Amino acid sequence: MNPIFQLLIIEIVKRKKKAKGPSQDFEKELMNTQIEFTHLIRDGFFILLGVLSASFGLNGFLLPNMFIDGGVMGISLIIAELTETPLSILIFAVNLPFIIMGISTISRQFAIRSIIAIILLAISVHFIPFPVVTEDKLLIAVFGGFFLGLGIGSAIRGGSVIDGTEVLAVFISRKTSLTIGDVILIFNTLIFGFAAYIFTVEISLYAMLTYIVTSKTVDFVVSGIEEYVGVTIISDKNDAIRRAITENLGRTCTIYSGKMGQSLKPTEIVFTLITRLELSKLHTEIDKIDKDAFIIMNSVKDAKGGVIKKRPLN
(Lines give C-alpha, C1' and ligand atoms only; values in the text may rest on other atoms or scores of the structure.)
Protein backbone atom coordinates (compact mmCIF):
# COMPACT_ATOMS: atom_id res chain seq x y z
CA MET A 1 0.00 0.00 0.00
CA ASN A 2 1.12 3.58 -0.67
CA PRO A 3 3.12 4.93 2.37
CA ILE A 4 1.00 8.10 2.49
CA PHE A 5 -2.20 6.04 2.66
CA GLN A 6 -0.57 3.78 5.27
CA LEU A 7 0.24 6.77 7.51
CA LEU A 8 -3.26 8.14 7.01
CA ILE A 9 -4.84 4.83 8.03
CA ILE A 10 -2.62 4.55 11.13
CA GLU A 11 -3.62 8.06 12.19
CA ILE A 12 -7.31 7.24 11.72
CA VAL A 13 -6.93 4.06 13.82
CA LYS A 14 -5.16 5.99 16.60
CA ARG A 15 -8.05 8.45 16.77
CA LYS A 16 -10.57 5.61 16.83
CA LYS A 17 -8.61 3.93 19.60
CA LYS A 18 -8.62 7.09 21.71
CA ALA A 19 -12.37 7.44 21.23
CA LYS A 20 -13.15 3.80 22.05
CA GLY A 21 -10.67 3.39 24.89
CA PRO A 22 -7.62 1.14 25.41
CA SER A 23 -9.56 -2.13 25.23
CA GLN A 24 -9.47 -2.21 21.42
CA ASP A 25 -6.66 -4.26 19.85
CA PHE A 26 -4.58 -1.87 17.73
CA GLU A 27 -3.35 -4.45 15.19
CA LYS A 28 -6.83 -5.80 14.56
CA GLU A 29 -8.26 -2.30 14.25
CA LEU A 30 -5.47 -1.37 11.84
CA MET A 31 -6.15 -4.43 9.68
CA ASN A 32 -9.89 -3.74 9.60
CA THR A 33 -9.31 -0.11 8.65
CA GLN A 34 -6.92 -1.13 5.85
CA ILE A 35 -9.52 -3.56 4.47
CA GLU A 36 -12.25 -0.92 4.66
CA PHE A 37 -9.99 1.62 2.94
CA THR A 38 -9.03 -0.84 0.16
CA HIS A 39 -12.68 -1.72 -0.45
CA LEU A 40 -13.61 1.96 -0.42
CA ILE A 41 -11.05 2.72 -3.14
CA ARG A 42 -12.25 -0.23 -5.23
CA ASP A 43 -15.91 0.71 -4.80
CA GLY A 44 -15.11 4.33 -5.65
CA PHE A 45 -13.48 3.20 -8.90
CA PHE A 46 -16.57 1.19 -9.88
CA ILE A 47 -18.87 4.11 -9.07
CA LEU A 48 -16.76 6.54 -11.12
CA LEU A 49 -16.63 4.08 -14.03
CA GLY A 50 -20.40 3.68 -13.78
CA VAL A 51 -21.00 7.42 -13.83
CA LEU A 52 -18.83 7.99 -16.92
CA SER A 53 -20.29 5.02 -18.81
CA ALA A 54 -23.90 5.99 -18.06
CA SER A 55 -23.17 9.61 -19.04
CA PHE A 56 -21.75 8.46 -22.37
CA GLY A 57 -24.77 6.24 -23.01
CA LEU A 58 -27.16 9.09 -22.25
CA ASN A 59 -25.41 12.00 -23.98
CA GLY A 60 -23.81 10.05 -26.81
CA PHE A 61 -26.81 7.92 -27.79
CA LEU A 62 -30.17 8.22 -26.02
CA LEU A 63 -30.81 11.87 -25.16
CA PRO A 64 -29.91 13.54 -28.53
CA ASN A 65 -32.15 11.07 -30.39
CA MET A 66 -35.18 11.24 -28.03
CA PHE A 67 -34.75 7.62 -26.90
CA ILE A 68 -35.90 6.45 -23.47
CA ASP A 69 -35.19 3.53 -21.17
CA GLY A 70 -37.06 1.73 -18.41
CA GLY A 71 -36.86 2.39 -14.70
CA VAL A 72 -36.31 5.70 -12.97
CA MET A 73 -33.93 6.75 -15.75
CA GLY A 74 -36.78 6.23 -18.23
CA ILE A 75 -39.06 8.50 -16.19
CA SER A 76 -36.34 11.18 -16.15
CA LEU A 77 -35.88 10.94 -19.94
CA ILE A 78 -39.66 11.18 -20.57
CA ILE A 79 -40.00 14.26 -18.35
CA ALA A 80 -36.95 15.83 -20.02
CA GLU A 81 -38.52 15.35 -23.46
CA LEU A 82 -41.92 16.71 -22.38
CA THR A 83 -40.83 19.70 -20.29
CA GLU A 84 -37.35 20.51 -21.66
CA THR A 85 -36.09 20.41 -18.07
CA PRO A 86 -32.35 19.59 -17.99
CA LEU A 87 -31.83 15.86 -17.56
CA SER A 88 -29.11 16.50 -14.95
CA ILE A 89 -31.69 18.05 -12.61
CA LEU A 90 -34.25 15.32 -13.23
CA ILE A 91 -31.77 12.49 -12.59
CA PHE A 92 -31.24 13.79 -9.07
CA ALA A 93 -34.84 14.91 -8.36
CA VAL A 94 -36.57 11.71 -9.55
CA ASN A 95 -34.05 9.37 -7.88
CA LEU A 96 -33.96 11.20 -4.53
CA PRO A 97 -37.18 9.71 -3.03
CA PHE A 98 -36.04 6.19 -3.90
CA ILE A 99 -32.60 6.74 -2.37
CA ILE A 100 -34.18 8.08 0.83
CA MET A 101 -36.28 4.91 0.83
CA GLY A 102 -32.99 2.97 0.57
CA ILE A 103 -31.90 4.20 4.02
CA SER A 104 -34.40 1.89 5.68
CA THR A 105 -34.58 -0.72 2.91
CA ILE A 106 -30.84 -1.32 2.43
CA SER A 107 -28.57 0.79 4.67
CA ARG A 108 -27.49 4.35 5.40
CA GLN A 109 -24.05 3.73 3.81
CA PHE A 110 -25.74 2.50 0.64
CA ALA A 111 -27.95 5.60 0.49
CA ILE A 112 -24.99 7.97 0.99
CA ARG A 113 -22.98 6.25 -1.76
CA SER A 114 -25.97 6.35 -4.09
CA ILE A 115 -26.57 10.06 -3.51
CA ILE A 116 -22.91 10.78 -4.28
CA ALA A 117 -23.07 8.61 -7.44
CA ILE A 118 -26.27 10.31 -8.65
CA ILE A 119 -24.85 13.79 -8.03
CA LEU A 120 -21.72 12.84 -9.99
CA LEU A 121 -23.90 11.47 -12.80
CA ALA A 122 -25.95 14.69 -12.92
CA ILE A 123 -22.77 16.80 -13.07
CA SER A 124 -21.26 14.56 -15.74
CA VAL A 125 -24.38 14.64 -17.93
CA HIS A 126 -24.57 18.43 -17.65
CA PHE A 127 -20.93 19.40 -18.12
CA ILE A 128 -19.13 16.70 -20.16
CA PRO A 129 -19.75 17.25 -23.91
CA PHE A 130 -19.87 13.68 -25.20
CA PRO A 131 -20.15 13.53 -29.01
CA VAL A 132 -23.27 12.14 -30.67
CA VAL A 133 -22.04 8.79 -31.98
CA THR A 134 -24.78 7.75 -34.44
CA GLU A 135 -28.30 8.46 -35.64
CA ASP A 136 -29.10 4.85 -36.54
CA LYS A 137 -32.02 3.83 -34.32
CA LEU A 138 -30.98 0.21 -33.87
CA LEU A 139 -27.41 1.18 -32.92
CA ILE A 140 -28.75 3.81 -30.52
CA ALA A 141 -31.00 1.27 -28.77
CA VAL A 142 -28.30 -1.41 -28.54
CA PHE A 143 -25.22 0.63 -27.64
CA GLY A 144 -27.07 3.29 -25.65
CA GLY A 145 -28.55 0.46 -23.57
CA PHE A 146 -25.16 -1.23 -23.32
CA PHE A 147 -23.29 1.80 -21.94
CA LEU A 148 -26.16 2.70 -19.63
CA GLY A 149 -26.28 -0.90 -18.36
CA LEU A 150 -22.51 -0.91 -17.90
CA GLY A 151 -22.87 2.23 -15.80
CA ILE A 152 -25.71 0.91 -13.66
CA GLY A 153 -23.96 -2.44 -13.16
CA SER A 154 -20.65 -0.82 -12.23
CA ALA A 155 -22.40 1.39 -9.68
CA ILE A 156 -24.00 -1.71 -8.12
CA ARG A 157 -20.54 -3.35 -7.96
CA GLY A 158 -19.47 -0.25 -6.03
CA GLY A 159 -22.27 -0.65 -3.48
CA SER A 160 -24.58 2.06 -4.86
CA VAL A 161 -27.19 2.69 -7.55
CA ILE A 162 -27.72 5.41 -10.15
CA ASP A 163 -31.25 4.19 -10.88
CA GLY A 164 -33.58 3.73 -7.92
CA THR A 165 -35.87 1.13 -9.51
CA GLU A 166 -34.42 -1.82 -7.62
CA VAL A 167 -34.65 0.01 -4.29
CA LEU A 168 -38.37 0.55 -4.92
CA ALA A 169 -38.77 -3.10 -5.96
CA VAL A 170 -37.05 -4.40 -2.81
CA PHE A 171 -39.14 -2.05 -0.64
CA ILE A 172 -42.50 -3.04 -2.19
CA SER A 173 -41.65 -6.77 -2.20
CA ARG A 174 -41.11 -6.63 1.57
CA LYS A 175 -44.45 -4.89 2.11
CA THR A 176 -46.59 -6.96 -0.29
CA SER A 177 -46.84 -10.44 -1.77
CA LEU A 178 -45.24 -9.26 -5.03
CA THR A 179 -41.77 -10.46 -5.91
CA ILE A 180 -38.96 -8.09 -6.92
CA GLY A 181 -39.25 -9.27 -10.52
CA ASP A 182 -43.02 -8.59 -10.50
CA VAL A 183 -42.53 -5.02 -9.26
CA ILE A 184 -39.89 -4.21 -11.89
CA LEU A 185 -42.05 -5.73 -14.65
CA ILE A 186 -45.15 -3.73 -13.64
CA PHE A 187 -43.13 -0.53 -13.21
CA ASN A 188 -41.57 -0.76 -16.66
CA THR A 189 -44.80 -1.86 -18.36
CA LEU A 190 -46.40 1.37 -17.16
CA ILE A 191 -43.44 3.41 -18.44
CA PHE A 192 -43.47 1.81 -21.89
CA GLY A 193 -47.26 2.11 -22.14
CA PHE A 194 -47.06 5.80 -21.24
CA ALA A 195 -44.30 6.31 -23.82
CA ALA A 196 -46.45 4.68 -26.51
CA TYR A 197 -49.37 6.96 -25.61
CA ILE A 198 -47.39 10.22 -25.35
CA PHE A 199 -44.88 9.66 -28.15
CA THR A 200 -45.29 6.82 -30.66
CA VAL A 201 -45.48 3.04 -30.56
CA GLU A 202 -42.16 2.93 -32.43
CA ILE A 203 -40.39 4.92 -29.70
CA SER A 204 -41.93 2.63 -27.08
CA LEU A 205 -40.71 -0.48 -28.93
CA TYR A 206 -37.19 0.92 -29.19
CA ALA A 207 -37.39 1.79 -25.49
CA MET A 208 -38.17 -1.87 -24.74
CA LEU A 209 -35.15 -2.93 -26.78
CA THR A 210 -32.96 -0.41 -24.95
CA TYR A 211 -34.23 -1.71 -21.62
CA ILE A 212 -33.56 -5.35 -22.53
CA VAL A 213 -29.98 -4.54 -23.53
CA THR A 214 -29.51 -2.44 -20.38
CA SER A 215 -30.83 -5.13 -18.03
CA LYS A 216 -28.78 -7.91 -19.64
CA THR A 217 -25.64 -5.78 -19.44
CA VAL A 218 -26.30 -5.07 -15.76
CA ASP A 219 -26.65 -8.81 -15.09
CA PHE A 220 -23.40 -9.47 -16.96
CA VAL A 221 -21.45 -6.76 -15.11
CA VAL A 222 -22.49 -8.06 -11.71
CA SER A 223 -21.63 -11.64 -12.71
CA GLY A 224 -25.16 -12.78 -13.37
CA ILE A 225 -26.33 -12.05 -9.83
CA GLU A 226 -30.12 -11.97 -9.58
CA GLU A 227 -32.29 -10.13 -7.07
CA TYR A 228 -31.25 -12.36 -4.16
CA VAL A 229 -27.93 -14.11 -3.61
CA GLY A 230 -27.52 -17.21 -1.50
CA VAL A 231 -24.09 -17.11 0.15
CA THR A 232 -22.46 -20.16 1.76
CA ILE A 233 -19.36 -19.44 3.88
CA ILE A 234 -16.93 -22.10 5.14
CA SER A 235 -14.37 -20.81 7.62
CA ASP A 236 -12.72 -21.75 10.90
CA LYS A 237 -13.95 -18.37 12.19
CA ASN A 238 -17.58 -19.16 11.42
CA ASP A 239 -18.92 -17.78 14.70
CA ALA A 240 -17.32 -14.38 14.14
CA ILE A 241 -18.73 -14.31 10.58
CA ARG A 242 -22.16 -15.26 11.93
CA ARG A 243 -22.03 -12.33 14.37
CA ALA A 244 -20.91 -9.95 11.61
CA ILE A 245 -23.87 -10.96 9.44
CA THR A 246 -26.44 -10.63 12.22
CA GLU A 247 -25.01 -7.58 13.98
CA ASN A 248 -23.28 -5.52 11.28
CA LEU A 249 -25.51 -6.33 8.30
CA GLY A 250 -28.73 -6.86 10.23
CA ARG A 251 -29.35 -10.14 8.39
CA THR A 252 -30.28 -13.57 9.68
CA CYS A 253 -28.32 -16.69 8.75
CA THR A 254 -28.45 -20.46 9.09
CA ILE A 255 -25.71 -22.62 10.62
CA TYR A 256 -25.41 -26.25 9.64
CA SER A 257 -22.80 -28.89 10.42
CA GLY A 258 -20.44 -30.39 7.88
CA LYS A 259 -17.05 -32.05 7.48
CA MET A 260 -13.93 -31.07 5.57
CA GLY A 261 -13.51 -33.26 2.47
CA GLN A 262 -9.91 -34.37 3.11
CA SER A 263 -9.48 -34.34 6.88
CA LEU A 264 -13.12 -35.09 7.80
CA LYS A 265 -12.69 -32.41 10.44
CA PRO A 266 -16.12 -31.23 11.72
CA THR A 267 -16.97 -27.63 10.86
CA GLU A 268 -19.95 -25.30 10.94
CA ILE A 269 -21.14 -23.78 7.67
CA VAL A 270 -22.80 -20.37 7.50
CA PHE A 271 -25.54 -19.68 4.96
CA THR A 272 -27.25 -16.31 4.44
CA LEU A 273 -29.56 -14.75 1.87
CA ILE A 274 -28.99 -11.12 0.84
CA THR A 275 -29.84 -8.79 -2.01
CA ARG A 276 -27.11 -8.10 -4.56
CA LEU A 277 -26.99 -4.49 -3.37
CA GLU A 278 -25.60 -5.74 -0.03
CA LEU A 279 -23.00 -8.10 -1.52
CA SER A 280 -20.16 -5.56 -1.42
CA LYS A 281 -20.72 -4.92 2.31
CA LEU A 282 -20.80 -8.67 3.05
CA HIS A 283 -17.43 -9.21 1.31
CA THR A 284 -15.93 -6.39 3.38
CA GLU A 285 -17.16 -7.90 6.66
CA ILE A 286 -15.89 -11.39 5.75
CA ASP A 287 -12.46 -10.06 4.68
CA LYS A 288 -12.10 -8.35 8.06
CA ILE A 289 -12.47 -11.72 9.79
CA ASP A 290 -11.00 -14.30 7.41
CA LYS A 291 -9.53 -13.44 4.00
CA ASP A 292 -9.17 -17.16 3.24
CA ALA A 293 -12.82 -18.02 3.87
CA PHE A 294 -14.34 -20.26 1.19
CA ILE A 295 -17.39 -18.47 -0.23
CA ILE A 296 -19.99 -19.92 -2.58
CA MET A 297 -22.56 -17.59 -4.17
CA ASN A 298 -25.69 -18.86 -5.91
CA SER A 299 -28.16 -16.82 -7.92
CA VAL A 300 -31.62 -16.92 -6.35
CA LYS A 301 -34.39 -15.58 -8.57
CA ASP A 302 -36.57 -14.75 -5.58
CA ALA A 303 -37.33 -15.87 -2.04
CA LYS A 304 -40.51 -16.10 0.00
CA GLY A 305 -41.34 -17.19 3.51
CA GLY A 306 -39.00 -17.66 6.45
CA VAL A 307 -37.10 -14.69 7.85
CA ILE A 308 -35.65 -12.83 4.86
CA LYS A 309 -36.50 -9.32 5.91
CA LYS A 310 -33.77 -7.13 7.34
CA ARG A 311 -34.07 -6.65 11.08
CA PRO A 312 -33.31 -3.19 12.56
CA LEU A 313 -29.75 -2.57 13.71
CA ASN A 314 -29.12 -1.50 17.30
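In helix α3, the residues G71, V72, M73, G74, S76, L77, I78 and A80 are buried, where buried means under 20% relative accessible area, exposed over 50% and partly exposed in between, with a 1.4 Å probe and protein chains only. The model is predicted: local features need pLDDT of at least 70, side-chain atom pairs count only at pLDDT 80 or more, and totals for chains, interfaces and linings use all residues. Residues are numbered from 1 along each chain as its sequence is written, and side-chain values use heavy atoms, with hydrogens and water left out.

The chain holds eleven helices and four strands. Helices (H or I, at least four residues) and strands (E, at least two) are DSSP runs, numbered from the N terminus. Of the 314 residues in the chain, 45% are buried. Contact means heavy atoms within 4.5 Å. Among the contacts with a separation of 6 or more, 75% join residues 24 or more positions apart.

Helix α3 covers residues 71-83. The expected span of a helix is 1.5 Å times one less than its number of residues. Just after α3, E84 takes a positive phi of about 60 degrees.

Helix α3 packs on helix α8 (residues 180-198). Their axes are 10 Å apart, at an angle of about 20 degrees. Axes are lines fitted to C-alpha atoms, for helices over the stretch in contact, and angles run from 0 to 180 degrees between N-to-C directions. The angle makes α3 roughly parallel to α8. Angles under 35 degrees count as roughly parallel, over 145 as roughly antiparallel, 65 to 115 as roughly perpendicular and the rest as oblique. The crossing of α3 past α8 is left-handed, a term used if the near helix is turned anticlockwise from the far one by less than a right angle, with right-handed used if clockwise. On the α3 side, the contact is made by G71, V72, I75, I78 and L82. On the α8 side, F187, N188, I191, F194, A195 and I198 take part. By class, the α3 contact with α8 has nine nonpolar, two polar and no charged residues. Ala, Val, Leu, Ile, Met, Phe, Trp, Tyr, Cys and Pro count as nonpolar, Asp, Glu, Lys and Arg as charged, and the others, Gly among them, as polar.

Residues F98, M101, G102 and T105 of α4 meet V167, L168, V170, F171 and R174 of α7. The contact of α4 with α7 divides into six nonpolar, two polar and one charged residues.

T165 lies in α7. At 9% relative accessibility, T165 counts as buried. Leaving aside neighbours within four places in sequence, T165 is in contact with G71, V72, I184 and F187.

Most residues other than glycine have a negative phi. M66, which is not a glycine, has a positive phi of about 60 degrees. M66 is found in the loop between α2 (26-62) and α3. Its relative accessibility is 42%, so M66 counts as partly exposed. L264 also has a positive phi, near 60 degrees. L264 lies in the loop between β2 (253-259) and β3 (266-275). With a relative accessible area of 54%, L264 is exposed.
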